[in-house]
Amino acid sequence: MSLLVTPIYGSYTSPDTPAQPPSCTLIEYAGVRILLDVGMDEGSLSDATLIDRLKWLAEDVLPSIDAILVCDSGLTSIGGVPMLFHLYKMVGGSKMPMVYGTFPTAKLGQMSIYDWHARCSYDGDVRIPFELDDVDEAFSTKRFFTMKYSQIITLKTGGKNALTITPHRAGRYVGACFWVLKRLQDETEVVCAPNYNHAKERHLDACELPKYAGAADVLITRPGGPGGALGRLYSSSVDRRKPILQAQPWTKREGEFVDAIMSTLRLGGNVLVPVDASGRVIELLLLLSAHWKRQRLDAAYGLAWVGPMTWNTSNFARSQLEWMASPLGRQFDSAMGHPLDFKNIKICSKVSELDDMFAKGLPMTILASGSTLDSGPARDLIIKFADKAENTIILSSPQHCVHRNPIRSIGTPIGEIKTHLSAAAQLLEKWCVAKANGEEMDDSIEIDVLVPKREPLVGDELEKFIIEEEAALKHKLEKEEEEKLLREVELARGRLHLGEDGEPEPSLSSMNVDDSARVQSNVPLASNPPKKKSRFDSSLFLKFSKRKPMCFQIREEAVGISYPDEIGKGVFESSSSTANIIEDDYGIGINLDHFIDIVSGIDSSKTGGKLNDESLRRGFGFSIGGKQAQSNQRSNNIDISENTEEDLQMLEAADLAEGRGIIRGRNGNPPVKVFSVHETLEVLAEIRYIPLEGRVDARSARQSIRALQPRQVVVLGGGQPPPDFISNKDLIHQKDSLSEVSRLCDVVNEVFSSQQVHLNSDNIHVPKKAYYAPEDGETIEFEIGHAAYPARLIDTPYVVQKSEDSTVSLQKGMVFEELQELSLGDYTVSLVDLIATGQKVKDGGAYVLAPRQKSTEEKGTLSTSLRNASRSSMMISDGDVLLTDLRSEIIAQGMKAEYSTHDGFQQLVVSNRIILRRTLEGKINVEGPLCEDFYAVRKIVCSHYVTL
């Protein structure tokens with residue numbers, strides 16, 4: 001009956017950055033082991049502890065995991081899934097657990113990881129610890145099970161149904177969800193809601209947490225709002241009674257965002273908004289697209305969206321309207337067109353596609369991928385925009401302000417490292433310092449940025465690259481030889497007409513067919529030379545063959561497969577010079593251009609070490625010393641630059657996607673390595689921070705706890721820092737960094753203390769602690785349950801009374817009695833009076849319940865009390881009791897109350913559970929489940945009356 005919760009990583013929030021760390025939590029419940037989220041972002045590449053814990057998961061934990069639940073498409077929730085599967089394959093694992101999430105989470109999460117991989121690969125020296133094949137496998141239908149909202153999936157343990165998992169809408173991202181885990185044995189519920197958004201947005205409805213997570217047995221969540229220096233601006237401290245910044249309504253933040261953009265554009269400047277790949281960017285695109293359309297700004301200002309996966313994200317988002325806000329669906333059904341058309345937004349895959357817009361000289365607003373400003377289009381554009389004071393850089397989410405990745409290729413000159421924070425984190429830190437001091441930011445600030453560089457490969461690096469290419473080419477040839485062998489197996493099996501059991505199929509002669517009509521398939525043509533003896537022994541393939549249907553006979557001629565001038569002719573009927581043709585063991589001509597050594601050209605024994613210009617154009621033929629090999633073309637007037645600029649860029653992207661940071665040489669150029677160097681960038685542009693991350697703020701998170709009233713709470717993100725991670729800055733700001741966690745825990749204690757008084761009055765067991773903030777690796781055990789036990793009655797449990805007019809014949813020694821009933825409103829119930837005997841039934845272990853024996857005095861007292869209970873009472877008030885007056889008193893008690901009017905009555909809904917209904921005659925009814933809120937509301941109502 002216990003629940004075990006163990007944070008694997010992500011329980012500690014660093015005071016250096018306001019970003020929420022990636023998390024992974026192990027939940028053991030009802031015999032089922034579940035991983036909640038497997039996050040990994042750009043800052044995680046520098047976290048050796050996180051990488052080690054992922055390795056430990058892959059080696060020791062993953063084989064026993066039953067399911068992996070992901071909450072949204074952000075990298076902090078889903079970014080580590082490909083890495084986990086990659087490590088699991090490296091240790092030889094075969095039984096991978098299924099990943100569960102919504103359909104948009106799977107697709108948009110895949111786009112986010114593709115974008116991350118592409119941006120880091122383009123810089124060359126950033127090592128991504130997994131490959132694109134791992135991403136494809138992790139999000140395939142064999143590994144990722146997509147679900148709909150409110151869909152119930154049952155997980156089994158020991159062959160029996162044990163637990164159900166259900167996703168519900170959480171807001172913030174398209175398809176984001178929180179999970180409700182219900183144990184089938186006693187229907188206890190554990191709600192996992194790390195991130196959610198209580199506010200309704202343009203493209204998403206509000207979360208359904210109040211609807212499906214009320215009175216949860218255990219709630220696993222995070223404190224709202226940012227951390228670090230930014231979080232301290234939103235919280236009070238000992239020095240100041242009021243916070244410097246206040247959380248603003250969503251509409252006000254939208255207006256501030258649009259005003260900041262338009263004020264810059266009107267002054268002739270450009271605006272850069274760093275965004276994620278497929279998450280919050282959709283909300284910003286809808287906001288700006290609607291403003292551009294409403295104000296007709298297409299001709300005056302440019303609006304663009306740049307990123308490696310922009311087209312893929314746009315096309316997929318257009319097909320997912322059923323997961324978005326209902327107004328978007330209604331707009332699509334009407335004649336107003338698709339809400340995600342974005343006709344006034346130029347969608348680009350790279351920054352160079354914006355050159356035509358820059359040439360027009362129009363002020364531009366650009367939403368660029370690479371929100372950390374350390375890679376991707378956003379990094380390229382901040383270098384371009386930073387030196388002009390009329391430009392503006394708007395940071396919309398603290399989630400992108402992470403630690404910088406120090407992992408670089410061996411031998412790469414990275415320059416002097418001045419900070420461990422990303423460029424976005426440096427800008428936000430300087431903005432927070434200015435706000436804390438009550439000042440404006442300096443007109444000129446300096447940050448450390450990563451600038452991409454390219455250099456030719458020389459020396460040991462070139463030799464290492466050539467050795468790797470030779471090994472890759474050898475592996476490729478071995479694989480092709482293996483595939484060729486398999487094709488020969490199939491060919492031999494077809495020639496011999498072998499069946500599955502190895503026996504020859506019935507021939508044409510056995511079917512009484514005329515011999516003259518038979519096709520002689522194994523007899524060579526008269527004009528052909530004798531065939532060489534096949535190297536394959538047909539007897540080797542008897543046991544691997546299967547029966548083949550009757551088909552056309554094979555004509556064993558090689559027809560024009562090598563050279564253009566041989567089409568329509570056999571190999572030995574070629575019109576070209578036979579002196580220049582090399583044949584393989586089967587007599588088939590070989591085109592030498594198809595078999596060029598990637599390092600030193602064709603075998604010198606056959607070609608003299610010469611290379612043609614096509615080979616040089618493709619980058620083949622560089623020796624270890626970096627010198628170009630000799631061409632076999634004597635003419636110097638041949639144009640070898642047939643590839644267009646776009647083709648070359650695609651080839652370079654394909655080379656960089658391998659993760660080595662090396663571009664193969666083409667068009668006579670040697671191989672080139674790509675890397676980044678640290679440089680100081682002077683920023684003259686204006687820096688603005690407008691919170692549009694779409695996550696619940698700290699104050700709203702506390703109000704949600706009061707409304708939900710869970711029995712116990714696990715707070716992620718409140719753990720202590722690792723011993724090897726503590727710094728002076730950690731010690732200084734440790735109390736401030738945990739302030740929101742402490743405030744949230746105080747709210748849990750308030751709710752728990754109010755529940756504790758009521759529980760103790762009914763002699764119900766109270767847990768020892770209401771909240772937990774575990775550290776990484778710390779296991780918290782909960783004893784949860786609804787105290788439901790099987791019972792067996794051995795006699796009638798009802799309270800009875802004697803009947804005077806009974807004419808029923810009774811057994812000797814017994815008196816006929818009737819059930820004692822009591823009217824409760826419109827219903828009549830029978831009273832029961834039982835006592836537990838302490839005994840159990842042998843079969844099944846049910847507890848034995850029996851009627852309690854009473855003396856004559858007790859029975860008389862019981863009858864008197866029942867008669868008194870049946871008397872009606874009168875409640876008198878001083879004037880009419882209005883629901884509006886009750887509403888103000890209920891809100892003062894910390895509960896949420898919504899007032900509405902209906903035909904014939906007025907209604908007040910308290911905390912989405914308690915209903916106060918007042919009729920036209922003034923009668924007030926209180927309805928709802930028996931909980932602390934019910935008694936509190938009933939007490940408020942009764943305080944307006946005097947009972948007689």
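Four bridges join strand β16 to strand β22 (residues 686-689), and the two run parallel. The model is a predicted one, in which local features need pLDDT of at least 70 and side-chain atom pairs count only at pLDDT 80 or more, while totals for chains, interfaces and linings use all residues. Residues are numbered from 1 along each chain as its sequence is written, and side-chain values use heavy atoms, with hydrogens and water left out.

Helices (H or I, at least four residues) and strands (E, at least two) are DSSP runs numbered from the N terminus. Two strands pair if DSSP finds at least two bridges between them.

**Strands**

Strand β16 covers residues 392-395 and is buried on both faces, with Thr-392 and Ile-394 on one side and Ile-393 and Leu-395 on the other. Buried means under 20% relative accessible area, exposed over 50%, and partly exposed in between (1.4 Å probe, protein chains only). Strand β12 (residues 271-275) also pairs with β16 in the parallel sense, over two bridges. Thr-392 of β16 is the bridge partner of Val-271, and Thr-392 stands opposite Glu-686 in β22.

An open sheet is formed by seven strands in the order β7-β8-β9-β10-β11-β23-β24, with mixed pairing. β7 (153-157) and β24 (771-772) stand at its edges with a single partner strand each, so one side of each has no neighbour in the sheet. Within this order, β11 and β23 pair in the parallel sense, and Leu-219 has Val-713 in β23 as its bridge partner.

| Strand pair | Sense | Bridges |
|---|---|---|
| β16 and β22 (residues 686-689) | parallel | four |
| β12 (residues 271-275) and β16 | parallel | two |
| β11 (residues 218-221) and β23 (residues 712-715) | parallel | four |

**Helices**

Helix α10 (residues 310-318) has Thr-310, Thr-313, Ser-314, Phe-316 and Ala-317 as its buried residues. Their cover includes α4 (103-123), α9 (281-295), β13 (302-306) and β14 (346-348). The axes of α4 and α10, lines fitted to C-alpha atoms over the stretch in contact, come within 10 Å and cross at roughly 170°. The two helices are therefore roughly antiparallel, the term for angles over 145 degrees on a scale from 0 to 180 degrees between N-to-C directions. Phe-103, Pro-104, Lys-107, Leu-108 and Met-111 of α4 make the contact with Asn-312, Thr-313 and Phe-316 of α10, where contact means heavy atoms within 4.5 Å.

In helix α3 (residues 81-90), eight of the ten residues are buried. These are Val-81, Pro-82, Met-83, Leu-84, Phe-85, His-86, Leu-87 and Tyr-88.

Arg-702 lies in helix α19 (residues 698-708) and is buried, with a relative accessible area of 17%. Leaving out residues up to four places away in sequence, Arg-702 touches Glu-740, Arg-743, Leu-744 and Val-747.

**Nonpolar cores**

A nonpolar core is a set of buried Ala, Val, Leu, Ile, Met, Phe, Trp, Tyr and Cys residues joined through side-chain atoms within 4.5 Å. The largest has 43 residues, of which Ile-366, Leu-427, Trp-431 and Val-683 touch the most other members. Helix α14 (residues 423-436) gives the largest share of this core, eight residues. Apart from neighbours within four places in sequence, Val-683 is in contact with Ala-386, Leu-427, Asp-443, Ser-444, Ile-445 and Ile-447. A second, separate core has 41 residues, including Leu-26, Val-61, Met-96 and Phe-139.

Key: Angles under 35 degrees count as roughly parallel, over 145 as roughly antiparallel, 65 to 115 as roughly perpendicular and the rest as oblique.
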